[in-house]
Amino acid sequence: MPITSVALIFGGRSAEHEISIISAKSIAGNIDKERYGVTPLYISHDGTWYLDGIARDILNFDLAAILRNASLEKASSTIKEMVRKAGQQPFDNDFRSAGIDVAFPALHGSYGEDGRIQGFLDTCGIPYTGCGVLASALTMDKALTKLCVADAGIDVAPSITFFTADYHTDPQTVAAGIEEKFAYPFFVKPSSLGSSVGISKVNHSGELSAALETACSLDTKVLVEKAITGREIEIAVLGNDNPVASVCGEIEPGSDFYDYQDKYIDNKAKLFIPARIPEELQEKVRRTALKAYKALGCRGMSRIDFFVDEKTGSVVLNEVNTIPGFTDISMFPMLMEASGTGFRELTDRLLQLALETGR
Ligand SMILES: Nc1ncnc2c1ncn2[C@@H]1O[C@H](COP(=O)(O)OP(=O)(O)O)[C@@H](O)[C@H]1O
Ligand SMILES: [Mg+2]
C-alpha cells in the first residue's frame, strides 16, 4: 500500500500554542509509520507557517520539560528563539507540490479549532481530520452551542449572554440584569475561549464587576451561567455518519472549579475512567453526547463535556471541544483507549475518516 502523506499542523496563533505542540508530539508518536509519512507543519505565534525543518525540530524538542520545570513564558520564548535562529523560509501553502494527502490539525482554540484552518484547507482541497467549518465555528462559541443543543432537547445551564460593547456602554444595567436573574454563586465566562481562561465563579456581589471586567477584556461576547452541581463527565465521540461514544470519564477538580491553574499547573485534578456514576446514567450521557454530536454536525471527533448529578439523574451539556487535548495524559485518547481503540488505532481511524469525507 502506498504511504499516505500527513501534514501534522501545530502551534498556531491561540493562547494554547504550547499545549498544541505537546498534543502534536503525542500524535506524531502514535501514527503508524508503515502507513503514514508525517510532515510537521508548524504555525508560529505570529502566524507564519513552516513545513518540516524547524517544524520537525520543535516537534522533537522536549517542551514538556520546560513547562514542567520553568514556565509557559519560558517555553514560549524558547520556541520563538528556535524559530528566529533557524531563519527558515516560510511554507508557501502549496500542499499539492509538497505531496501532502491529508492534514491533521492538532491546534487548540482560536484560528485552529474554530473553523478558520478548516476553511483554509477546504479552499486548498486538502482533506483533514475532525470537524468541518460550521461545527468547528459553532462549538467554539459556547452561547451558540447551547442554543443549538437545547433545540435538540438537551439540557443546558440557564444563562444570559451579552456583548462586551453593550457592557462598556452601560455596565450598571448589565450587572443589575444579571443580579435580577441569578442567585449567587454563578459563572461568568468569555463565550469563545478555552482552558478556563477568563472564567470566574462569582460568589457574591463584591466579586461581580471584576469578573465582568476580566471576561469582557478577553472576548466580544460573555456568558453568565447558573452554577450547576454535579460531577464533570466527559465523553469522546468518534465517527462521521455513524459516530460512537466512548465510556464516560470524570474529572474531579483539585480546586473550587476546573480552572487554568488546575488544568495545567497544579496537577491536583483527579481523573476517573469509568466515571463514578451508575451504569444507566452513563448510558444516558453517552446517548446525549451522540445526540449533541449530530445536532451540531460534528464529523471525525469531538469531546463532549457534561455536568451530571446522580441524585437527580440530570445530564447538563457544558461544552464541546472539536480538537480536544491529545497528550498521552489527555482525556480524549484515554477515553478511546478505555473503549477499545488504542492511540495508534485512533490516529488511523481519524485519518481514514478524513479521507472518507474527501472534502
Ligand atoms: N455553569 C457552571 N456550573 C459549574 N461549573 C462550571 C460552570 N461553567 C463552568 N464551570 C467550571 O469551569 C470549568 C471551565 O469551564 P468551561 O465552560 O468548560 O470552559 P473551557 O472551555 O475554558 O474549558 C468547568 O470545567 C467547570 O469546572
Ligand atoms: Mg471545559
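## A tour from the domains to a helix crossing

Begin by selecting domain 2 and domain 3, whose C-alpha centres lie 23 Å apart; the domain bounds come from an automatic or database domain assignment. This is a predicted model, in which local features need pLDDT of at least 70 and side-chain atom pairs count only at pLDDT 80 or more, while totals for chains, interfaces and linings use all residues. Residues are numbered from 1 along each chain as its sequence is written, with chains lettered from A and ligands numbered from 1 in the order in which they are written.

Colour the chain as domain 1 (4-130), domain 2 (139-155 + 229-322) and domain 3 (159-226). Eleven residues of domain 2 are in contact with twelve residues of domain 3, contact meaning that C-beta atoms, placed from the backbone, lie within 7 Å. On the domain 2 side, helix 7 gives the most, with three residues; helices (H or I, at least four residues) and strands (E, at least two) are DSSP runs, numbered from the N terminus.

Next, select helix 7 (residues 142-151) together with helix 12 (residues 279-296), which pack at an angle of about 110° with their axes 9 Å apart. Here T145, C148 and V149 of helix 7 meet A292, A295 and L296 of helix 12.

Finally, move to P105 in strand 4 (residues 102-105). P105 is buried, with 26 other C-beta atoms within 10 Å, where buried requires 20 or more, exposed 12 or fewer, and partly exposed falls in between. Beyond its neighbours within four places in sequence, P105 has contacts that include I9, Y128 and I323.

How values were computed. Axes are lines fitted to C-alpha atoms, for helices over the stretch in contact, and angles run from 0 to 180 degrees between N-to-C directions. Two residues are in contact if their C-beta atoms, placed from the backbone, lie within 7 Å.
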